[in-house]
Amino acid sequence: MQAANLQSNIWKAAITLIANKRVFAAFLSAYYLTIPDTTAQTVGLIFLAGNLAGFLFEIPSGYISDKFGHKETLVLASILMFVSSSFFLLATDVAFLILGSAFMSIGQAFRSGTFSAFMHETLRGLGKEDQYTEIMGKVRSAGFGVPIAFAVLAPFLISISYQAPFILSLVLDFVGIVAAVTLVKPTVTPEHVDEVNTKNFKQVVQEGYKLGYFKYAVFNSVLIAVLMGISIYRAPYQEFLNIPVIWFGVLFGLGRLGVTIILYFSGRIKKSFKNITSFYRFQIILFTTIILGLVSTTNPWMVGFFFIIMNAFTWGLSGIHNGFVMEVIGSSKFKATLLSIEEQAKTLLAGLSALLIGFWVEETSYQIAFFLIGILLILVLAPQYIYIKRSLRNDHTPKEQ
């Protein structure tokens, strides 16, 4: 009976992922610009303010999750997303936008490491722990695939009212709350409970260091943060290039379709990489090429194309990264806390990246700003990649012996 109940967590998890996707993501930053006194630099400031809120709650959220329950934390995360959508719906000035952004980041903070940890424990309870990448790839694929319809629909809703997509988002947030509440808690061993209750945060960090996790967390945090920083200006740049708003949802939806396909096959794709360093090398080459393509043209549809593939690979490859790091920290009882440390770094760096790009856009142009942030990305990732590769022989993780 317990196995049957746990099995239901898989489809319920997909529903929570679907509800968690922001219907208004395709045009949110463009929506910011409709509010009085908002500029490209203000967009960066709003994003940074929201991410700072997420930064402050990221590690505490993981620690709270490990101590008081993964399911309870997922319910709280869903409620916070509902509050965020409400602030965006009611926005009349920048303060409301900041609050909406802050609650969205905090909700994501409480969900980030917790969701992966909860599902890892679920699959362990089902005896399917070794299928984590494959199963979660398909779950995340559904989480990105189904909302494509909402993303494409959003610009049409704008023709009715700019508030209409946020109303739809509130409905989905409510569905997400119901799905989270009905999740089934995996059985946790007494030893697990005792360890969570007695270890302090310093010991958790020491455990992460001992497992060799943090070098991977730093690399992924920097990479995703910069890509998120660029993506926050997707809608303003497309609007600057006179791409009709009606197309924003279509272009965004195509990117999400790419995410869906990549995630669905992430189990197979992961097997094509010898180890995590070969995966990171592939990412460096891939995203450098995409950024160079983005800055090499002002053709509206080519720019749209490069944003599509950036969107697709940024989140599509996330399942593969999660699969690799779960092999590193899978034995830890503090997966949510450790994953939250990575998310905290990612959140702060993404905010700083967006602010820096916004400043460069105001002082130069979108193309130059994207080029400069791309150069900065390479300057940071190259030595980190070399460090990871050199330390490979000293690691003792399953994929790196």
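Helix α15 (residues 276-295) and helix α17 (residues 318-329) pack against each other in this predicted model, with axes 11 Å apart and an angle of about 155° between them. That is over the 145 degrees cut-off, so α15 runs roughly antiparallel to α17. As for handedness, the α15/α17 crossing is left-handed.

Here is who does the touching on each side:

| Helix | Residue range | Residues in the contact |
|---|---|---|
| α15 | residues 276-295 | I276, F279, Y280 |
| α17 | residues 318-329 | I320, H321, F324 |

Sort the residues of this α15 with α17 contact by type and you get 5 nonpolar, 1 polar and no charged.

Leaving out residues up to four places away in sequence, H321 touches F279 and Y280, along with Y216, N220 and E342.

Now for the nonpolar cores. In soluble globular proteins, nonpolar side chains tend to be buried together. The largest core here has 106 residues, and the members that touch the most others are Y213, I230, Y233 and F370. What does Y233 touch, once residues up to four places away in sequence are set aside? Its partners are A40, V43, G44, A354, I357, G358, Y366 and F370.

Definitions and conventions
Residues numbered from 1 in each chain as written. Predicted model: local features only at pLDDT ≥ 70, side-chain atom pairs only at ≥ 80, totals over all residues. Heavy atoms only, no water. Axes fitted to C-alpha atoms, helices over the stretch in contact; angles between N-to-C directions. Helix = DSSP H or I, 4+ residues; strand = E, 2+ residues; numbered from the N terminus. Parallel < 35°, antiparallel > 145°, perpendicular 65-115°, else oblique. Left-handed = near helix turned anticlockwise from the far one by under 90°. Contact = heavy atoms within 4.5 Å. Nonpolar A, V, L, I, M, F, W, Y, C, P; charged D, E, K, R; others polar. Core = buried A, V, L, I, M, F, W, Y, C linked by side-chain atoms within 4.5 Å. Buried < 20%, exposed > 50% of the residue type's maximum accessible area, 1.4 Å probe, protein only.
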